[in-house]
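I opened my notebook for a first look at a new structure. Here is what I am working from.

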Number of protein chains: 2
Amino acid sequence: MTSVIPSPELIASFIDIVGADYAVTGAGEIAPYLVESRGLYRGTTPLVLKPGSVDEVSRILRLATDTLTAIVPQGGNTGHVAGGVPREGKADVILSLERLNRIREIDPVGNVIVADAGCILADIQGAADDVDRLFPLSLGSEGSARIGGNLSTNAGGTAVLAYGNMRQLCLGLEVVLPTGEVWEGLRRLKKDNTGYDLRDLFIGAEGTLGVITGAVLRLFPKPRGRQVAFAGLASVENALALFDLASSLCGPALTGFELMPRLGIEFTTRHIPGVRDPLDSIHSWYALVDVSTFDSAESADRMVQSLLEAGIRDGLIENAVVAQSEAQSEALWHMRESISPAQKPEGGSIKHDVSVPVSSIPAFMAEADAAVLKAIPGARICAFGHMGDGNIHYNISQPVGADKSVFLDRWREMNAIVHAVVLKYDGSISAEHGIGQLKRDELAAVRSPIEIELMRRIKHAFDPAGIMNPDKVLRAD
Amino acid sequence: MTSVIPSPELIASFIDIVGADYAVTGAGEIAPYLVESRGLYRGTTPLVLKPGSVDEVSRILRLATDTLTAIVPQGGNTGHVAGGVPREGKADVILSLERLNRIREIDPVGNVIVADAGCILADIQGAADDVDRLFPLSLGSEGSARIGGNLSTNAGGTAVLAYGNMRQLCLGLEVVLPTGEVWEGLRRLKKDNTGYDLRDLFIGAEGTLGVITGAVLRLFPKPRGRQVAFAGLASVENALALFDLASSLCGPALTGFELMPRLGIEFTTRHIPGVRDPLDSIHSWYALVDVSTFDSAESADRMVQSLLEAGIRDGLIENAVVAQSEAQSEALWHMRESISPAQKPEGGSIKHDVSVPVSSIPAFMAEADAAVLKAIPGARICAFGHMGDGNIHYNISQPVGADKSVFLDRWREMNAIVHAVVLKYDGSISAEHGIGQLKRDELAAVRSPIEIELMRRIKHAFDPAGIMNPDKVLRAD
């Protein structure tokens, strides 16, 4: 019902709301709004609207509901599941939040920042830094991702272990509902038990229930001490044991525990300028450990030192280095964050963003590896990620010399193989990237009918006309 | 539509599901299920059912939906808002979770415990302790409160600052829906972005959307160090500044920061056996500071020492003691937790469980005090609580010598006065106790019509027959 091509009159009415300067209709200018970050999906649209106020967003949605026009909210378009791009062959109108990019207020005493949903994540981090506070959400695309998108996908990233996902970093929201009504939920309260949790329903809903236009985000004091270590390990089992040791010795001071395979070191040292292997020995696996302390800089050093000593004593660590400067810490993280881009020059890469219970990671990895190599002998498995969260980016690079497009044609087949093992360990087929279009039908297949039915009822309760980002998360009726 | 008195045949059908041994119909045996913890509400019921399995819960709800019988889920019946007791003058059937009290699994490596909803909170804490882990939820009624109720009210307590509310402590749920269908969401994942956040919708829903029958709860490593200090302060402003200092020096090691007025010390030393004023000087306000560390016992001592030195240097602390033993730490916490019971012998007490942004606490307190004393000169304000969470239990004891029932008759009037100040500071009228019947109509009055409408739509989407705990949170249609 929302696939009718809008008439020229209707398009003119939408343009009237934002003004001609802020509406895009030319194919060339529209192009970057249509393709998701990995190029797997390319949608179509007659119109991109760039509202400059919450009121304009409200008027756009009211008109959309009245005319059954599908609306796709878009932030920085950095998502990985085609949740923020329009459908192919339909006439979804894109509502870009890019002009709603004002920091409304920053309160270092109350430890909150109130911002428009179109603010770029790095700008939020920077504004916090300017008042000697930390906004901990950190991820590869932070220079272009916008916080409305981070909220709509409940973004994770590298600091989840200590600070949680976006859901834990947000105190309140302002949301424009499909009817144009505004839910004013911009609260700054740490505790508020007054009815159903609307906030957490909009967070992670991928723009299918309404458009987030503003948020109250939490700030934190800055740590005084930080230390990063990099350890070579013999196995994933040892990485799990080391994580357990680190949790027990560091508690919440453990702000990062990332797992990397040897292949990640090879790919990054080969393809990413400036990346060097930090160790002079070769290991099957690596852990990047990040510790933050508040009482003093020395206590982070002391903590990492004790951890490495205990890890070596227990036979878990084969070799390790400790960063000697902030620059060295950054270099270690840069290597970790370069694993994704470093896969590109190695040919096709089939990606998975999965999670399993932390204690099941070794068994999951062994079983998934066996299944993948049985299907594609010579496939190069580059599974890395946020071990402390149970979140593995289980990526598979094509065999050396294989045909890229033949390999990539097996995307869905390999997904099925890997996700079957994920489900065996009661894991998730999307740990942090969301569902969008990419995993929509798979979600319906792996979750119980009643769970999908409850989601459908929520969708219908919030968006009975079905105009909000249709066919994302759930297939439109 | 759910107020029809069940026929004897229908009651017999309900009893058949659980067996006669586990159904209560005699007035004497029923009595304790009818009154909420503070005695403000007394409901009526023809029947208490004590199912012994998830399947029995499912059959009860299916029959209830088919016959439009109202069901009230009840845990330990320790709630403060009459959310777990039946309505007065209706025929709600009580579904007690008390027999579903089995710990299904405990996994110290994966740091989870899977338990029936009827487990008593203290038993969960104890089971965690047995495997050298911490389950951090801690509150006054932990010896009788059941975790299904803790989940349904998103319980807070004394460790929220470091570990969060129940919502942050729960990874997955098993919920029986009003139709009897079971939502199997017992996941153990730290990250899982797959569609709408059903879990957080059931948490805090006070049993109005379904019956929680099981949960996966998070465990944590036990801290190696703990130190508790008690400081006398001149003002609430100084308490806020000290909290800020403590956050900056201790980061997440700060596990408790409680505020108490002089009156709290007077009431507890007067009425609670064994409680003594820890300081030999008199102060207007007091802070209880609790610090936990993982690397060593000494680092907690060191941290508290630095904090007290900095607090004295900055003129924030007038006098302070540090606990010299675990017993002294417990004694300090015991004093803090005895403030509520110590108000009883002082006559009537009108209670508020409110939150405001942490930085607004001093202004809120000054304004609320002035308004209360204007209305009731001589009223003794005993406002205490979880300052670090912005959560104040703003209680008002009657003037000395006043008539208790005349004073208590002003409950709603004083609520209106205090909550008006709360709302001025964008606060919450229920920080941690929930809505139930006590604050239901007030919620509808203080929240926007669209917010109440969204909640109604959720209620209708999950419970179209309106059988689940009707008239709690929202007024039944």
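How far is the sulfur of A:Cys170 from the closest cysteine sulfur? I found 13 Å, with the partner sulfur in A:Cys119, and that is too far for a bond. A note to myself: a disulfide is a covalent bond between the sulfur atoms of two cysteines. The cut-off I used is a pair of cysteine sulfur atoms within 2.5 Å. My search of the whole structure, over all chains, came back with zero disulfides.

Before going on, I wrote down the ground rules. This is a predicted model, where local features need pLDDT of at least 70 and side-chain atom pairs count only at pLDDT 80 or more, while totals for chains, interfaces and linings use all residues. Residues are numbered from 1 along each chain as its sequence is written, chains are lettered from A and ligands numbered from 1 in the order in which they are written, and side-chain values use heavy atoms, leaving out hydrogens and water.

**Burial of cysteines.** I looked up A:Cys170 again and got 2% relative accessibility, so it counts as buried (buried is under 20% relative accessible area, exposed over 50%, partly exposed in between, with a 1.4 Å probe and protein chains only). A:Cys382 is buried as well, at 0%.

**Two copies.** I laid chain A on chain B, and a turn of 180 degrees with a shift of 0.0 Å along the axis gave an RMSD of 0.0 Å (least squares on the C-alpha atoms of residues with pLDDT of at least 70 in both). The two copies are therefore related as by a two-fold rotation axis. The same surface serves both: 100% of the contact residues of chain A recur in chain B (contact means heavy atoms within 4.5 Å).

**Where they meet.** I noted 81 residues from chain A and 81 residues from chain B in the contact. Together the chains bury about 6,400 Å², 58% of it on carbon and sulfur atoms (this is the accessible area, 1.4 Å probe, that two parts lose on being put together, summed over both). A:Lys191, A:Asn193 and A:Tyr196 supply 16% of the area that chain A buries against chain B, more than any other three residues.

**One glutamate.** I found A:Glu451 in helix H18, residues 449-462 of chain A (helices are DSSP runs of H or I, at least four residues, numbered from the N terminus). A:Glu451 is buried, at 2%. Leaving aside neighbours within four places in sequence, A:Glu451 is in contact with B:Trp183, B:Glu184, B:Arg187 and B:Leu198.

Key: Helices (H or I, at least four residues) and strands (E, at least two) are DSSP runs, numbered from the N terminus.
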